[in-house]
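Please look over the model below before reading on. The notes after it are meant to be read with the structure open.

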Amino acid sequence: MVANPANAAEHLVAMTGPSALKMEANIVILGTDNVGKSALTVRFLTRRFIGEYGDIESIYTHNVLVDGREITLSIWDSSCSEDQCCESSLQERRVQWADGFVLVYSICDRSSFNTVAKMVQHIKAAKGLQGAEKVPIVIVGNKRDLQHRRTVTSEEGRLLALTTDCQFYEVSAAENYHGVLVAFHGLVDRIRVSRLAVRKPAGIKSIVKSMSAVFGRKRTDSL
Ligand SMILES: Nc1nc2c(ncn2[C@@H]2O[C@H](COP(=O)(O)OP(=O)(O)OP(=O)(O)O)[C@@H](O)[C@H]2O)c(=O)[nH]1
């Protein structure tokens, strides 16, 4: 189940013919220490919450069916301290590898929320996208069951997502599988939509390219 980051699956592939309903995507889970990145990942993969997880960094492969489409996800459960969250070569590798991002903070930890806000900007800059291209990012406020220790309001999370064009979920990996599932599926949808947006102009470009190749050659042949 665990794979090597260096050999990780290729980017999201929308295939043709009988495989049209299959695709692949790389997802990275980012956030500061102790916010519940592993708990969310394990919840999504196994439906279970086991309490303690250690800090081993792993990539898991997982097949899901979303809207009748079979999707192979490679999920990188990262481990990073607050000061490494934006600035390290490993972080750069994670960002370049990923098609989509789950940025996690704890609703009881304001500095983890501030770090997520910085990470959104960092990822967008590092991806260097152009025009209408968007980075698929979901922001997840975890530990929703700990209301009495809350220091970040839902509105703050929602506002951050709104102003950065991300999707927002508040969940409890400890208490609820469904919320975690919805967040991951939301990210998969964003990856699909962003892929379509990228493919459309490329399609027009390639038609123009093929036409000029044909007409260009004809002219040359008749000389
Ligand atoms: N109450 C509560 N505790 C949670 C929840 N999610 C995770 N935890 C606890 O928070 C602690 C940290 O969880 P992890 O999943 O290891 O967090 P992490 O972000 O992967 O931590 P690092 O590996 O240090 O980066 C553990 O004790 C979990 O049991 C949650 O939704 N509610």
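1. Confidence overall. This is a predicted model. Its chain has an average pLDDT of 83, and 74% of the residues reach at least 70. The scores for the model are ipTM 0.99 and pTM 0.82.

2. Where pLDDT is low, the predicted coordinates should not be read in detail.

3. The ligand shell. The ligand is surrounded by 20 residues, and the closest are Gly36, Lys37, Ser38, Ala39 and Ala174. By type, the shell is made up of 6 nonpolar, 8 polar and 6 charged residues. Which helix gives the most to this shell? Helix α1, residues 37–46, does, with 3 residues.

4. Helix α1. Of the 10 residues of α1, 7 are buried, so the helix is largely enclosed by the rest of the structure. The buried residues are Lys37, Ser38, Ala39, Leu40, Thr41, Arg43 and Phe44. Lys37, Ser38 and Ala39 are also among the residues closest to the ligand. Just after the helix, Arg47 has a positive phi of about 70°.

5. Strand β6. Is β6 buried or exposed? All 6 of the 6 residues in this strand, residues 137–142, are buried, so β6 is largely enclosed by the rest of the structure. Ile137, Ile139 and Gly141 point one way from the strand, while Val138, Val140 and Asn142 point the other way. Both sets of residues are buried.

6. Partners of β6. Strand β5, residues 100–106, pairs with β6 in the parallel sense over 6 bridges. Here Phe101 stands opposite Ile137 of β6. Strand β7, residues 167–170, also runs parallel to β6, and 4 bridges join these two strands. In β7, Phe168 is the bridge partner of Ile139.

7. What does the chain pass through on its way from β6 to β7? The chain crosses through helix α4, residues 154–164, and this β-α-β crossover is right-handed.

Terms used. Residues numbered from 1 in each chain as written. Predicted model: local features only at pLDDT ≥ 70, side-chain atom pairs only at ≥ 80, totals over all residues. Near = placed C-beta within 6 Å. Nonpolar A, V, L, I, M, F, W, Y, C, P; charged D, E, K, R; others polar. Buried ≥ 20, exposed ≤ 12 C-beta atoms within 10 Å, placed from the backbone. pLDDT = per-residue confidence, 0-100. Pairing = 2+ DSSP bridges. Right-handed = clockwise from strand over helix to strand, strands pointing away.
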